[in-house]
Amino acid sequence: RTQPPVSLHGQLLWRDFNNLMAHSANSQHAGSWGQIKNNAFCRDIPWSSDPNMLSSWKEGRTGYPWIDACMAQLRSEGWIHHLGRHAV
């Protein structure tokens, strides 16, 4: 018998996690999962064209540990996992 790909289990867990997050967000504010406003799981971070902020992001000095770690990995290894790419 053949076995499913190793990543299949993780992908199914991610699908179910996402469905639970969407259900929870929509239970709190109907229709909020597809938007940032009124979504308890999203943060509205204002965009800026400030060159200092862009430099801080590129150099991994945002103050958000997950973002900074992803940018540090990208700088040192030349790649980041696809979930890190979603974040940065």
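In this predicted model, Asn38 sits in the loop that links helix α1, residues 6–28, to helix α2. With a relative accessibility of 46%, Asn38 counts as partly exposed, a class that lies between the under 20% of buried residues and the over 50% of exposed ones. Leaving aside residues up to four places away in sequence, Asn38 touches His29 and Ser32. Looking back along the chain to Trp14, which is 24 residues away from Asn38, one finds the two C-alpha atoms separated by 23 Å.

Within helix α2 lies Ser56, and its relative accessible area of 16% makes Ser56 a buried residue, because the class takes in values under 20%. Once residues up to four places away in sequence are set aside, the contacts of Ser56 are with Arg61 and Thr62. Just after α2, Gly60 adopts a positive phi of about 70 degrees.

The protein chain holds four helices and zero strands, and reading along the sequence gives the pattern α-α-α-α. The radius of gyration of the chain is 17 Å, whereas the globule rule gives 12 Å for 88 residues, and the chain is therefore more spread out than a compact globule. Along its principal axes, the C-alpha trace spans about 50 × 40 × 15 Å.

Of the 88 residues, 15% count as buried, and Ser56 is one of the buried residues. When contacts between residues at least 6 apart in sequence are considered, 6% of them join residues at least 24 apart.

The surface and the charges complete the description. The chain exposes about 7400 Å², and carbon and sulfur atoms supply 59% of that area. There are 8 positive and 6 negative charges in the chain, and the mean position of the positive charges lies 7 Å from that of the negative charges.

How values were computed
Residues are numbered from 1 along each chain as its sequence is written. This is a predicted model: local features need pLDDT of at least 70, side-chain atom pairs count only at pLDDT 80 or more; totals for chains, interfaces and linings use all residues. Side-chain values use heavy atoms; hydrogens and water are left out. Helices (H or I, at least four residues) and strands (E, at least two) are DSSP runs, numbered from the N terminus. The radius of gyration is taken over C-alpha atoms; the globule rule is 2.2 Å times the number of residues to the power 0.38. Buried means under 20% relative accessible area, exposed over 50%, partly exposed in between (1.4 Å probe, protein chains only). Contact means heavy atoms within 4.5 Å. Accessible areas come from the Shrake-Rupley method with a 1.4 Å probe; for residues, only the protein chains shown count as cover. Lys and Arg count as positive and Asp and Glu as negative; His and the chain ends are not counted. The place of a charge is taken as NZ of Lys, CZ of Arg, CG of Asp or CD of Glu.
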